[in-house]
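Work through the exercises below with the model open beside you. Try each task before you read its solution.

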Amino acid sequence: MVFEKRRSGILLHPTSLPSAYGIGDFGENARMFVDKLQQSGQTLWQILPLCPIGSGHSPYQSTSAFAGNVLLISPDDLVRDGFLAEEDLGEIPCFDTKRVDYEAVRQYKLPLLQVAYTKFQKDTAKHNAFTAYCEQNAYWLEDYALFTAVKAYLQKQRQTDTKHFESFAKDTETFLSETEQKMYFDTACWNTFPTDLRKRNAKAIQRWKKTVQDAMQEEMFYQYLFAMQWQALKAYANARGVLLIGDAPIFVAYDSADVWANQKLFQLESKGFPKAVAGVPPDYFCAEGQLWGNPLYDWNMHEKTGFAWWISRIQKALQDTDYLRIDHFRGFASYWSVPFGAKNAMQGTWKKGPNTALFDALQNALGKLPLIAEDLGIITEEVHQLRQAVGLPGMCILQFAFGADANHAYLPHMCQQNRVMYSGTHDNDTSKGWYQTATEAEKDHYRRYMNVSGENVSWDFIRLAFASAAIFAIVPLQDVLQLDSAYRMNIPGVATGNWGFRFTWDLWKESDTEGLYYLSTLFGRYTKKDTLSEHPKLC
């Protein structure tokens, strides 16, 4: 069985780690975080998708399901490994330590990566490892590098181009507004590529590879640095008994290398625009539903290929992590299809997904699947049956458990073993923030359930999660640090102002380490022999 040992851990995206460079990275502070987990008796570190961020800085709207976010590369480790000199770091801007300013980070870090590439070109001793990486990842890396390089080339060209925009605008005026036309064109969305390249004509691809070959090599080098640093961090964590839980969004962004390179696998019309897009109907998070805008899969075509793209995607993700949360699992049973151009998600309809066929193909190719099903939202019996059929643990959220049913499935006394218990996720408020805005019925239920006054809801929820029967228990770092709503990671349905949370080490007290250690040993989630005697402060 893949999930056989009770474990606990912390949810924190690497962007939230402390650093001098405006954003968390894979360097010394990440290793310090792993050390903190080990000292706290935590054996799981859950992260969000590591892929390049998209609109609104969201890791769930990425230009690639395979590539990495190069802003996470550690400048200090580049110096340590000889890709940069100390003086190359220059004068480090005075970055905000509480929020990520993504544009300021880009302005500082991307030129550093360019310097590293220039130095690398002259250092032939490092070329063999880079070449091996490119060969091993050619199945996605070349398309991604070409896609990225062409977009950058066209964006620069279009700063003075009016002729091609007028042609594109005329061709799309029946279904795109003037603002939307400019957005697609100015960002060089792949459906505005020259027609032969948009349609992936073989001669056009070869011609463009020659045109942007230097930019392609540079992008592949950045991905090499990302992979090298991440794999080193993963090895560091694993050596200390900490396993990594990754996150795979079910959908990919429309303007992505994945869609451009695999157009037949998506529901697209003749000009390349989506026929329909993804979202969810009205729910707890949003009264009008959530209009995500991602293109929908053509599941019949995926099945005809033996789900080859999905197998490659999950295999790559499991090379980078030990477990993998599959976001929006219910979409594999039925997905919400919203007509392209709709103003909100209320106009959608349910369509059938691939059901067990996809997971059968994954298991046949990859063996037992260390996957976690994110089965939140509107969950039908069909979704429960799918999760049970493929044998994946689902999720329970404590913040959703209180206020009504005394036997709610998310309450610890009702929680099944084949579950992962969370106090909240990246989409929830912090537990302290939840209590401050909860209904009186929810507050009363929680206080009576725990027999507490409500003065320390964050650690009450940590205790409940760790005490539950769930095989894994995960809590966001914000709850460990007892932070309020100002520190939440994401507000679903809100397009801007998310994904910026950062913490500083002064917020993490020794008592937090001791408390986590005590609870994880008390509830059998850290089973090292004679654990208390090895932690003197707890004796």
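## Exercise 1: A helix and its span

Solution. Helices (H or I, at least four residues) and strands (E, at least two) are DSSP runs, numbered from the N terminus.

This is a predicted model: local features need pLDDT of at least 70, side-chain atom pairs count only at pLDDT 80 or more, and totals for chains, interfaces and linings use all residues. Residues are numbered from 1 along each chain as its sequence is written, and side-chain values use heavy atoms, with hydrogens and water left out.

Next, find the buried residues of α3. Buried means under 20% relative accessible area, exposed over 50%, and partly exposed in between (1.4 Å probe, protein chains only). The buried residues are Tyr102, Val105, Tyr108, Lys109, Leu112, Leu113, Ala116, Tyr117 and Phe120. An α-helix has 3.6 residues a turn, so residues three or four places apart point the same way. The buried residues of α3 pack against α2 (75-80), α4 (127-136) and α10 (213-239). Contact means heavy atoms within 4.5 Å.

## Exercise 2: A strand between two partners

Task: which residues of strand β11 (residues 419-422) lie on each side, and are they buried or exposed?

Solution. Start with the faces. In a regular strand the side chains alternate between the two faces of the sheet. In β11, Arg419 and Met421 are on one side, and Val420 and Tyr422 are on the other. All four are buried, and both faces are covered.

Now find the partners. Two strands pair if DSSP finds at least two bridges between them. Strand β10 (residues 394-397) runs parallel to β11, with four bridges. Here Met395 stands opposite Val420. Strand β12 (residues 472-476) also pairs with β11 in the parallel sense, over three bridges. There Tyr422 faces Ile474.

Then turn to Gln46, in strand β2 (residues 44-46). Gln46 counts as buried, at 2% relative accessibility. Leaving aside neighbours within four places in sequence, its contacts include Tyr422 and Ile474. Gln46 and Phe472 are 426 residues apart in sequence and 11 Å apart in space, C-alpha to C-alpha.

## Exercise 3: Antiparallel pairing

Task: which strands pair with β4 (residues 276-280) in the antiparallel sense?

Solution. The next is strand β5 (residues 290-295), with three bridges. Val280 stands opposite Gln290 there. As for cover, five of the five residues of β4 are buried.

## Exercise 4: Rings

Task: what kind of aromatic pair do Phe402 and Phe461 form?

Solution. Rings of Phe, Tyr and Trp (its six-membered ring) pair if their centres lie within 6.5 Å; planes under 30 degrees apart count as stacked, over 60 as edge-to-face and the rest as tilted. The whole structure has 62 aromatic pairs. Phe402 and Phe461 are stacked, at 5.8 Å centre to centre and 25° between the planes. Phe402 lies in the loop between β10 and β11 and Phe461 in helix α18 (residues 457-467), so the pair ties together parts 59 residues apart in sequence. Both residues are buried.

## Exercise 5: Positive phi

Task: are Asn451 and Trp499 buried or exposed?

Solution. Most residues other than glycine have a negative phi. Asn451 has a positive phi of about 55°. Asn451 is exposed, with a relative accessible area of 72%. Trp499 has a positive phi of about 65°. Trp499 is buried, at 6% relative accessibility.
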